[in-house]
Amino acid sequence: MLGEGILKGLAETAKNFAGSFVSEDRLTTVEYPEQRLLPIENTRDFPFLVYDGEDPEAGLRCVSCQICEKECPPKCIYIVKSTDKKPDYVGKPQFYPARFDIDISVCMSCQICVEVCPFEAIKMDTEFELSTDDRFGGLILDKHKLAKSNEHFQRIHPTEAAEVDARLAEEKEKVEAKAKAAAEAAAAKSAAEAAARKADAGSAGSNAEGVKP
Amino acid sequence: MSDLAIRSYLPPVIEVESQDELLEVAMGPHHPSTHGVFRMDVALDGERVVRLKPVFGYLHRNHEKIAEKTTYLASMPYTDRLDYFCSMTNNWAYALAVEKLAGIEVPERAEYLRVITAELTRIQNHASAIGFLLQEMGASGTPLMYAFREREKILDLFESLSGSRMMCNYMRFGGCRVDLPADWLDAAKLVVAGLPRFIDEIEALLTSNEILMARSQGVGILKPDLAVNAGVTGVMLRATGVNYDLRKVDHYGIYDRFSFRVPLGEHGDIYDRYMLRVLEMRESVKILEQAIPQLPDGPILDPKSKPRGFRPKPGEAYGRIEAPKGELGFYLISDGTGNPYRYRVRPPSLINLTILEDMCLGQNVADVVLIFGSVDIVLGEVDR
Amino acid sequence: MNSATLDQFFVLLQHHVAALFPTVLQPWVSMILGVVGIVAVFPAIFALTTVLERKGLGRMQNRLGPNRVGPFGILQPIADAIKSLTKEDIVPRNADDVVHFLAPVVLVVAIFLGYAVLPVGRNMVLLNIDAGILLFFAVGASTELSIFMAGWSSRNKYSLLGAMRAVAQMISYEVPLLLAAVVAVMMTGSLAPTAIVQAQGGFTGIFPHWYVFTPWGFAGFTLFVVAALAETNRSPFDLPEGESELVAGYFTEYSGFKFALFFLGEYLGMMSIAGYGITLFLGGWGAPFSFLTFIPSWAWFFAKLFLAIFFFIWLRGTLPRLRQDQLMNFAWKFMLPLSLLNLCVAAAWRFLGEWLGGGTVAELIRWLVCAAVLVLAYVLLARTLLRQQNISPRSYRYAD
């Protein structure tokens with residue numbers, strides 16, 4: 001019958017109209033910025049550099065290996081390596097970035113830099129309200145703006161941060177165990193050497209007495 | 001540059017045949033319903049279309065040239081931006097091509113994840129396509145808003161899986177980049193459980209609507225032999241009655257493990273394409289209902305693969321999948337270095353557009369926009 | 001204040017204010033007060049309608065409408081008015097300035113004239129003329145002139161195309177509109193709107209004698225509503241203003257205040273036709289049940305008007321638009337025969353009533369006969385229309 005489909009359509013729209021007053025499923029508007037959706041854990045927006053501890057300079061994990069700069073598809077990272085070294089989280093002296101700039105007007109949030117970083121130094125942040133009115137430099141984030149603490153990382157990506165922390169702790173333990181074993185071995189060796197020298201000196205001394213001038 | 005050289009790359013000038021007094025209209029590039037920046041130079045005789053020349057290239061971003069200058073992995077985020085509605089399937093097609101080129105195996109869990117994300121992508125693409133078609137018909141956005149309501153749920157799933165709603169960058173050569181978070185499967189089951197009701201609602205609103213039928217039946221007819229000759233694939237081809245779905249033809253991935261049917265049209269007009277999209281959404285829901293419970297445990301990435309230093313042996317490969325818009329293919333030629341020698345995308349939207357003029361000749365000018373909308377293109381793919 | 005005073009509140013107010021003036025001026029003051037009332041009330045309803053439309057469409061589409069300007073967005077029309085008044089008034093260089101300026105003015109004036117004979121409540125009509133319905137339709141047809149003026153003066157081939165299509169659409173729907181209205185006039189025996197409303201004022205038990213509750217009245221009302229949608233260029237007949245069409249149609253070249261005037265004229269026309277539909281078929285300012293007559297008549301009229309507006313908004317949110325030739329087909333091949341047949345059925349109703357006498361059996365017979373004829377005609381005409389255009393539901397096969 002002509003008009004039947006139209007009436008079915010009208011019923012559908014009326015259902016949605018009435019439903020929008022009673023059920024949240026039928027009124028899905030979130031009035032930003034007064035209301036916000038809960039952020040999803042794995043979301044990624046722009047990168048940031050992780051530092052351990054309190055000091056962003058001393059605790060910065062980045063060792064300026066420049067792998068992320070090479071792998072970045074739109075080439076938005078600019079790194080200048082330092083000339084001196086500073087100790088990293090296990091105590092080994094490493095280079096650090098004298099300059100680390102990311103141009104977020106070029107960055108496409110592909111997250112490849114995070115994937116290829118061997119040192120867990122660069123991770124994805126979740127902040128997206130980064131608009132600025134400085135069109136000539138406001139969208140270039142330098143090392144100071146990019147460095148954020150590990151606590152921040154644990155807050156925004158708890159699961160990933162827990163994994164990374166576990167891995168780094170494991171590495172640190174391994175290095176420390178190796179160092180301890182090496183130290184023990186070195187201590188044992190030096191103790192053995194000292195004992196051998198003493199024995200030598202004693203025998204040398206006794207030998208020396210027996211030797212006629 | 002000489003005058004001749006400048007003229008050679010301008011779009012062809014349409015000569016007015018003064019005895020017929022054809023009315024020439026340029027629809028676009030600023031037009032509310034051209035799905036992006038796209039221009040159609042239409043010559044009208046009264047209300048009938050006499051000539052139609054599509055002009056595109058406004059969104060050309062040198063994707064293929066950029067791919068020649070960067071590594072294989074670095075091209076993956078750029079493939080997200082080809083058909084920006086369906087980033088997961090774009091990634092899969094590219095990953096398939098590289099896996100063919102280098103002979104990489106994909107673990108089973110990754111295959112299941114690929115199928116799940118691809119079918120979710122197909123559902124949200126078809127829903128949006130129907131919404132946009134009705135928007136152009138003048139339904140003031142109501143079916144579009146319903147489609148986008150469901151699409152938001154699927155995009156939330158993608159965001160918790162890969163980090164980004166649309167530019168997912170999720171597939172890697174040899175599997176997927178990251179495994180599912182803890183509660184993803186339950187959330188996905190909820191979303192999939194709500195989809196049949198949504199499709200029923202859309203059908204109640206639209207399928208037997210007499211105005212929709214009047215505007216779309218018998219309009220924009222495409223004949224099967226012309227479709228096959230022009231290389232048209234996807235819903236447009238199946239609407240003409242040709243049985244060609246790459247999921248059944250190529251047996252790529254693990255689609256053979258799922259039982260689903262391929263709907264076929266008969267007349268090749270706009271109504272057939274609309275109905276086929278609805279029926280394909282139902283089939284995708286069926287596949288999801290089979291795949292999600294069957295998801296096995298295991299690795300998601302080939303253990304031998306590493307993100308840096310990928311250098312496939314010299315050779316060439318063509319990998320193709322049934323993207324929601326048609327056959328999306330990647331043709332790669334490798335010369336042994338880390339960058340491809342030639343990287344070519346077979347864009348389904350562009351190839352489906354080549355017969356736009358044939359479909360529109362003799363139709364009303366009011367129908368040109370509808371026919372164009374029923375082809376379901378995305379300019380990012382047409383122009384790359 | 002008892003219900004009778006509340007019912008005649010505005011009439012009494014008009015008399016009291018007019019009494020303050022000398023006797024010579026009293027008719028003039030009375031008339032001016034009536035005009036001021038119309039010019040104040042109906043554009044206010046127009047402003048409210050724009051907000052209701054956007055919020056109603058929003059709710060149908062699972063979203064909120066405008067809600068930033070004022071509580072629940074009620075002050076949105078003020079923001080829209082400020083916007084359209086402060087926009088630059090661009091007139092194309094080749095345009096015919098005088099005609100370009102006059103087109104929206106003619107539209108608004110013609111529409112306002114139509115309100116002069118609309119009975120808004122008991123004794124509340126500005127001009128109680130015997131040929132009120134005729135005046136309304138005559139004046140309403142001159143709105144088409146203004147649309148053509150708009151399209152012609154812009155000297156723009158797209159505007160001209162849009163204007164010609166709009167005029168063709170409106171002219172072809174005038175005929176079913178008039179024929180549907182004529183049914184009510186025929187059964188009342190008078191062209192005066194007040195008489196038509198009074199003829200529907202009686203009650204049997206608690207049910208009113210509205211014309212819409214008879215088979216010919218129901219058919220007439222449906223035809224009137226569909227033709228009214230087409231007259232006022234509302235969805236699903238809004239091809240002339242379609243955004244996805246060539247351009248915005250006949251008002252492409254208008255900006256700022258003149259565009260606002262077109263918009264105003266269109267919505268006022270929609271409310272005016274809805275008002276006449278209510279007068280002709282829905283009992284005007286009459287109450288729907290006999291125990292509800294204590295509510296003032298003007299309240300009932302405006303309640304029905306708001307229901308009609310909501311129905312128009314509901315249609316707009318649901319239906320896509322018809323193409324031009326399909327629209328014309330529908331008017332000439334479906335609505336015109338049906339409205340002619342409706343006239344005959346109404347006459348048959350009257351004479352059957354006289355020949356069969358009274359009593360329930362006679363009522364039942366004439367109900368069944370008239371309804372059956374109309375339904376049969378509807379089904380046959382619909383089937384012919386759909387089959388001619390090869391429109392049919394389809395089933396799909398799957399590949400094996």
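This is a predicted model: local features need pLDDT of at least 70, side-chain atom pairs count only at pLDDT 80 or more; totals for chains, interfaces and linings use all residues.

User: How many residues does helix α1 of chain A have, and what span does it reach?

Analyst: Helix α1 of chain A covers residues 4-22, which makes 19 residues. From its first C-alpha to its last it reaches 27 Å, close to the expected 27 Å.

User: Which residues of α1(A) are buried, and against what do they pack?

Analyst: An α-helix has 3.6 residues a turn, so residues three or four places apart point the same way. In α1(A), the buried residues include Gly5(A), Gly9(A), Glu12(A), Asn16(A) and Gly19(A). The buried residues of this helix pack against α6, α7 and α8 of chain B, together with α3 and α12 of chain C.

User: Which residues touch the most other members of the largest nonpolar core?

Analyst: They are Leu356(B), Phe42(C) and Phe224(C), in a core of 222 residues. Leaving aside neighbours within four places in sequence, Leu356(B) is in contact with residues including Met40(B), Leu52(B) and Phe372(B).

User: How much area do chain B and chain A bury between them?

Analyst: The size of an interface is often given as the accessible area lost when the parts come together. Here chain B and chain A bury about 2600 Å², 49% of it on carbon and sulfur atoms. Arg149(B), Glu210(B) and Arg308(B) supply 21% of the area that chain B buries against chain A.

User: How many salt bridges are counted between chain B and chain A?

Analyst: The count is five. Glu71(A) forms a salt bridge with Arg308(B), with the closest N and O atoms 3.4 Å apart.

Technical notes: Residues are numbered from 1 along each chain as its sequence is written. Chains are lettered from A and ligands numbered from 1 in the order in which they are written. Side-chain values use heavy atoms; hydrogens and water are left out. Helices (H or I, at least four residues) and strands (E, at least two) are DSSP runs, numbered from the N terminus. The expected span of a helix is 1.5 Å times one less than its number of residues. Buried means under 20% relative accessible area, exposed over 50%, partly exposed in between (1.4 Å probe, protein chains only). Contact means heavy atoms within 4.5 Å. A nonpolar core is a set of buried Ala, Val, Leu, Ile, Met, Phe, Trp, Tyr and Cys residues joined through side-chain atoms within 4.5 Å. Buried area is the accessible area (1.4 Å probe) that two parts lose on being put together, summed over both. A salt bridge is a side-chain nitrogen of Lys or Arg within 4 Å of a carboxyl oxygen of Asp or Glu.
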